[in-house]
Amino acid sequence: MKRAILIVLDSLGVGELPDAKNYGDEGSHTLDNICKACGKLNIDELEKLGIGNIEGVTMPKACDSAIGAYGRSSEKSMGKDTVTGHWEIGGVILEKPLNTYPDGFSKEIIDEFLKRTNKENILGNTVASGTAIIEELGEEHVKTGYPIIYTSADSVFQIAAHEDVIPVEELYKMCEIAREMLVDKWAVGRVIARPFTGEVGSFKRTSNRRDYALDPFNKTMLEYLKESGKEVAAVGKIEDIYNKKGVTLAVHTKNNMDGVDKTLEYMDTVKEGLIFTNLVDFDMLYGHRNDAKGYGKAIEEFNDRLQEIYAKMTDEDMLILTADHGCDPTTASTDHSREYIPILVYGKNLKGNVNLGTRETFADIGKTILDFFNVENELVGKSFLNDIRK
């Protein structure tokens with residue numbers, strides 16, 4: 001009986017990919033640039049794992065006898081968003097990026113949305129920061145009851161609404177309708193519910209966010225594990241990203257530390273299988289808001305919880321820490337950045353101080369987890385389990 005605990009430190013990239021210039025992301029290095037902006041991060045546990053040993057990482061200290069295996073991975077898929085990164089970890093490679101809407105959504109899409117939701121009108125329909133747009137349009141929304149529609153550099157259709165104006169369940173229903181619409185030629189990776197509360201001048205988004213993703217385009221690591229009789233426990237927005245495909249247990253979270261708490265709770269109850277966690281605050285609260293010091297503090301807070309995770313690991317368990325893309329808070333852009341992702345692996349019966357090098361695809365992570373459970377599969381990618389097995 002063994003578990004794989006896979007934790008995505010959402011957006012913690014470790015340096016620009018060779019094609020970063022095609023995405024406007026030259027100079028991005030989320031981890032190093034946060035360290036520079038903060039002066040120094042107290043991340044001793046991550047340094048012991050080997051985060052400073054990863055190729056291209058220069059600011060965190062390298063460790064001569066790292067307790068973990070360490071490396072980084074290129075991204076084979078086109079794009080740099082949440083769905084693209086997570087799907088590739090699970091074994092789905094996108095040969096072309098998901099649709100984005102840099103000029104807002106077409107009249108055809110908005111008209112169909114209004115027809116299906118029986119709404120008179122919408123506000124927004126632009127590329128915007130989620131916090132900025134509720135400050136800009138929140139008062140008009142409260143007066144009119146019209147939902148606020150916006151997008152970003154990602155493939156997303158976001159609906160913001162005050163919980164006292166459009167109740168959360170109604171907002172979720174609107175998102176479900178949009179999800180049914182936005183496929184094929186109109187496809188977006190995610191429809192996102194963005195509820196908020198408060199008064200004019202002090203609106204605040206709540207933790208009742210929900211993501212509605214497309215079905216993955218082929219079979220993922222999660223489905224292989226579920227079909228083999230293993231538990232797949234999803235923490236945070238994981239079940240939304242994979243549209244519940246392959247998920248056996250799921251819990252949403254309020255913030256990063258709640259995500260760690262929920263992971264530890266699953267470690268008490270899940271006896272065999274995958275615990276798959278996304279810690280979204282790194283990206284949502286700090287990366288997109290260009291808050292380097294807040295991001296640094298969040299990394300330190302996660303670092304300080306690692307010993308709790310180790311304490312609940314059995315001798316047979318494997319922990320993998322990674323990311324899904326970058327979101328460098330020190331650049332002018334507030335969008336995701338096209339970066340390598342870190343790979344840190346620890347287990348009491350796995351080799352430490354192993355350099356996994358630069359992997360060709362995020363899917364090596366999913367392939368390794370399936371190999372760890374001896375699950376036959378046709379997933380793309382190359383397992384690194386033999387490199388770390390004692």
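Let me begin with the record: UniProt, in an unreviewed entry, places the feature "domain: Metalloenzyme" at residues 2–376. What we have on the screen is a predicted model, so please keep that in mind as I go through it.

The domain assignment divides the chain in another way, giving domain 1, made of 2–95 + 215–387, and domain 2, made of 107–213. The C-alpha centres of domain 1 and domain 2 lie 29 Å apart, and the contact between them takes 17 residues from domain 1 and 13 residues from domain 2.

Let us turn to the open sheet, which is formed by 8 strands in the order β10-β9-β11-β1-β12-β13-β2-β14, with mixed pairing. Which strands stand at the edges? They are β10, residues 249–251, and β14, residues 354–359, and each has a single partner strand, so one side of each is left without a neighbour in the sheet. From one strand to the next, the twist averages 15°. For those who are new to this, strands of a sheet pair through backbone hydrogen bonds, either parallel or antiparallel. Strand β2, residues 69–73, pairs with β14 in the parallel sense over 5 bridges, and there serine 73 stands opposite arginine 359 of β14. Also in strand β14 is asparagine 355, which counts as exposed because its relative accessibility is 53%, and the cut-off for exposed is over 50%.

Now to the cores. The largest nonpolar core has 86 residues, and those with the most contacts inside it are Phe302 and Ile369. Strand β1, residues 3–9, gives the most to this core, with 6 residues. If we set aside its neighbours within four places in sequence, isoleucine 369 is in contact with several residues, among them Ala4, Leu6, Met221 and Met318. Apart from this core lies another, of 25 residues, including Phe105, Ile149, Phe157 and Ala193.

Strand β4, residues 148–151, runs antiparallel to β5 and is joined to it by 3 bridges, with isoleucine 148 standing opposite alanine 160, and a hairpin of 4 residues connects β4 to β5. β5 also pairs with strand β6, residues 190–197, in the parallel sense over 7 bridges, where phenylalanine 157 has valine 191 as its bridge partner.

I will end with two buried threonines. Threonine 220 is found in the loop between β8 and α7, and it is buried, with a relative accessible area of 0%; beyond four places in sequence, threonine 220 is in contact with Gly90, Val92, Tyr242 and Leu379. Threonine 84, by contrast, lies in helix α3, residues 82–90, and it is buried with a relative accessible area of 1%. Not counting residues up to four places away in sequence, threonine 84 touches Glu75, Ser77, Met78, Gly79, Leu94 and Leu98.

Conventions
Residues are numbered from 1 along each chain as its sequence is written. This is a predicted model: local features need pLDDT of at least 70, side-chain atom pairs count only at pLDDT 80 or more; totals for chains, interfaces and linings use all residues. Side-chain values use heavy atoms; hydrogens and water are left out. UniProt positions are given in the numbering used here, feature names are shortened, and annotations may be inferred rather than shown by experiment. Buried means under 20% relative accessible area, exposed over 50%, partly exposed in between (1.4 Å probe, protein chains only). Contact means heavy atoms within 4.5 Å. Two strands pair if DSSP finds at least two bridges between them. Axes are lines fitted to C-alpha atoms, for helices over the stretch in contact, and angles run from 0 to 180 degrees between N-to-C directions. A nonpolar core is a set of buried Ala, Val, Leu, Ile, Met, Phe, Trp, Tyr and Cys residues joined through side-chain atoms within 4.5 Å. Domain bounds come from an automatic or database domain assignment.
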